[in-house]
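Have the structure open while you read.

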Amino acid sequence: MALTKNKKVLDFVNESAELTQPDKIVWIDGSETQIKKLKEEAVKSGELIKLNEDLLPDCYLHRTKVNDVARVEDRTFICTTKKEDAGPINYWMAPSQAYELCSEIARGSMKGRTMYVIPYSMGVVGSEFAKYGIEVTDSIYVVLNMNIMTRVGKTVLDALGKDGDFIKGLHAKCDVNAEKRYIMHFPEDNAIISVNSAYGGNVLLGKKCFALRIASYLGRNEGWLAEHMLILGVTFPDGEKKYVAAAFPSACGKTNLAMLIPPKHYREKGYKIETVGDDIAWLRVGEDGRLWAVNPENGFFGVAPGTNEHSNYNALQSTKKGTIFTNVALNTDDMTVWWEGLSKELPEHCIDWTGKPWNPAKFDKKDKSTCAAHPNSRFTAPAANCPCISEKFGSLEAVPISAIIFGGRRASTTPLVYQARDWNHGVFIGSAMSSETTAAAAGAVGVLRHDPMAMKPFTGYHMGDYFAHWVNMGKKIANPPKIFNVNWFRTDKDGNFMWPGFGDNMRVLEWILKRCDGTVDAEETAIGYVPKAEDIDISELDYEICKGKKFDLKSLKEILVVDKEKWAKEAEELEGYYNGTIKDRIPDELWQSLETLKNNCKPAEKTEKASK
Ligand code: GTP
Ligand code: SPV
Ligand code: MN
């Protein structure tokens with residue numbers, strides 16, 4: 001029975017049902033009884049495997065089709081009336097064509113199936129930041145994941161009232177045919193259609209589709225920002241709190257930084273990190289002229305491989321109950337889960353992510369085909385499980401942001417950390433981000449590509465307009481956050497990481513926050529302000545950068561170096577990127593920053609005085 005009198009919701013549900021022809025329509029009310037029943041049904045059908053109730057209460061394993069393990073960027077479209085509004089970085093299709101194509105594919109596809117209607121909220125229901133969506137889907141897995149990742153149920157319909165607006169999302173699993181897979185966004189209609197997939201980022205429509213692609217479009221029109229950013233809080237020994245937002249591309253360390261546990265001597269001094277969000281931030285200018293952020297999500301859809309007690313204790317703890325694991329391995333000895341990096345010892349009896357028995361003797365960590373878990377295997381865990389979840393998570397209030405951090409996976413060139421000279425230079429640094437690709441999206445891994453603000457796959461409009469929007473936002477923020485860039489992923493000639501990373505990133509965070517306070521000096525370089533090596537705390541650091549060689553001041557200096565020759569090349573390459581694609585819509589402020597960078601990197605005798 002329909003749970004609302006909202007005509008727009010009813011119309012949307014009816015139109016979707018007319019198209020897809022489900023046998024049954026079930027409205028998700030968000031009650032525990034209903035969710036429990038759906039879990040039982042999914043276990044019965046084999047869609048979910050129930051895990052050990054004592055060790056992992058209320059936890060389940062799901063395996064996707066082998067052809068459906070990551071986002072598909074080349075099948076993800078922004079469907080605006082005018083092609084130029086989607087811009088040169090996005091794939092574009094005319095709305096009429098996209099509707100027709102997807103209708104064709106989805107027509108009758110729910111025959112014999114149930115269509116679930118999920119009313120959900122991005123943000124705390126009733127808060128001024130919240131935005132609502134209705135996703136219809138024929139997948140119980142999607143219902144159960146949405147129920148963790150967003151706020152789901154009757155309260156959302158109540159908040160929508162009789163004629164409230166919402167984002168329409170139609171997901172039809174069809175037969176998971178990769179050739180007919182499309183993730184379509186209609187920003188002008190507040191609508192999303194996803195067909196032929198059942199993988200997270202393609203089908204949990206509140207996440208990347210709504211909270212980033214559609215929301216970034218809304219944010220541009222309404223004067224706010226929707227970003228691929230974690231939000232964390234730092235408590236200082238004197239009790240003061242500061243908040244930081246950081247944008248790293250997919251599988252480049254957001255969840256890890258958001259849940260960081262500071263090194264022992266920091267903890268003893270009283271430093272603490274709390275998590276507000278690990279993937280998405282919505283940012284608005286407050287009346288006080290600062291930038292304020294909320295996390296619109298309600299859970300974590302995190303990368304499993306590499307997560308363990310030492311690398312990310314808080315994430316691991318978050319997965320201990322009420323969690324859905326996707327494409328990890330099943331340890332059949334005790335019906336728990338396993339993935340590469342969870343433990344040093346390999347489990348003896350495992351079923352791999354494809355459902356086949358796994359042979360630990362053949363495991364070679366350099367050969368992904370021998371892995372038990374898929375490299376992009378994930379956990380969907382309730383944020384409330386996280387031991388370091390912030391009290392601001394789930395509150396009606398946003399948090400004020402002191403620093404914005406950009407960062408990518410860069411084997412060379414980019415130093416451990418540097419600071420932008422001002423807001424516009426920071427926007428330039430974000431626009432200039434490149435990062436090596438990861439398993440989070442289908443395609444080759446480890447290829448360096450431009451990923452401005454970690455938003456290449458997620459900006460719902462023209463990238464040049466997006467840069468301009470950032471510049472314009474700067475004009476509205478009287479007291480803007482300072483902007484930084486970090487790189488945890490510098491490697492030596494043998495491919496070893498040169499920085500310990502993880503909890504030790506606290507050392508960099510400390511420098512960043514001191515810069516925000518103006519309590520530490522810096523070196524002015526061609527690319528911005530770089531720390532004086534002595535100003536980054538490397539005490540009590542027990543890290544071997546390679547066998548027998550401990551991390552010391554010299555190691556730190558090596559990853560703080562700004563090599564002008566390399567940066568001259570970087571600038572030249574960036575100029576090609578600007579010119580090649582986004583050209584006419586790049587704001588002047590960014591061209592100026594590029595000119596400054598080029599000048600700053602000219603060989604010594606030719607250097608003109610660096611403009612500041
Ligand atoms: P998405 O959920 O795809 O947006 O990813 P994310 O940005 O949240 O990345 P996540 O924190 O899950 O990390 C992805 C991978 O990077 C994992 O394999 C981590 O182990 C690894 N990683 C994270 N932080 C660090 C770090 O500081 N140093 C190194 N070397 N690896 C890291
Ligand atoms: C990412 O790829 O950035 C993710 C996972 O956070 S997904 O939801 O699949 O996009
Ligand atoms: Mn992400």
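Met-335 sits in the loop between strand E20 (329-331) and strand E21 (336-338). Strands (E, at least two residues) and helices (H or I, at least four) are DSSP runs, numbered from the N terminus. Met-335 has a phi near 55°, a positive value in a residue other than glycine. Is Met-335 buried or exposed, or partly exposed? Its relative accessibility is 30%, so Met-335 counts as partly exposed; buried means under 20% relative accessible area, exposed over 50%, and partly exposed in between (1.4 Å probe, protein chains only).

Thr-413 also has a positive phi in a residue other than glycine, near 70°. You'll find Thr-413 in the loop between E25 and strand E26 (417-419). Thr-413 is buried, with a relative accessible area of 8%.

## How to read this model

This is a predicted model, where local features need pLDDT of at least 70, side-chain atom pairs count only at pLDDT 80 or more, and totals for chains, interfaces and linings use all residues. Residues are numbered from 1 along each chain as its sequence is written, chains are lettered from A and ligands numbered from 1 in the order in which they are written, and side-chain values use heavy atoms, with hydrogens and water left out.

## The manganese ion

Which residues hold the protein donors of the manganese ion (ligand 3)? They are Lys-208 (NZ), His-228 (NE2) and Asp-279 (OD), lying 2.2 to 2.5 Å from the ion. Donors are N, O and S atoms within 2.8 Å of the metal (3.2 Å for Na, K and Ca), and sites may look incomplete because water is not among the atoms. Along the chain, the donors are spaced as K-x19-H-x50-D.

## Ligand 2

Lys-208, His-228 and Asp-279 turn up again around ligand 2, among neighbors that include Arg-71, Tyr-199 and Phe-458. A residue is near a molecule if one of its heavy atoms lies within 4 Å of it.

Now for the polar contacts (pairs of N or O atoms within 3.5 Å; within protein, one must be able to donate a hydrogen and the other to accept it, and residues adjacent in sequence count only if both atoms are side-chain atoms). Oxygen atoms of ligand 2 lie 2.4 Å from a polar side-chain atom of Ser-250, 2.6 Å from an N or O atom in the side chain of Lys-208, and 3.3 Å from a polar side-chain atom of Asp-279. The protein covers 98% of the 280 Å² of accessible area that ligand 2 has on its own (Shrake-Rupley method, 1.4 Å probe; for residues, only the protein chains shown count as cover).

## Ligand 1

Ligand 1 has 21 residues around it, and Ala-251, Lys-254, Thr-255, Asn-256 and Arg-378 come nearest. An oxygen atom of ligand 1 is 2.7 Å from a polar backbone atom of Ala-251, and one is 2.7 Å from a side-chain N or O atom of Lys-254. The protein covers 92% of the 670 Å² of accessible area that ligand 1 has on its own. Helix H9 (254-258) and strand E18 (299-303) each give two or more residues to the shell, with H9 making the largest share, three residues.
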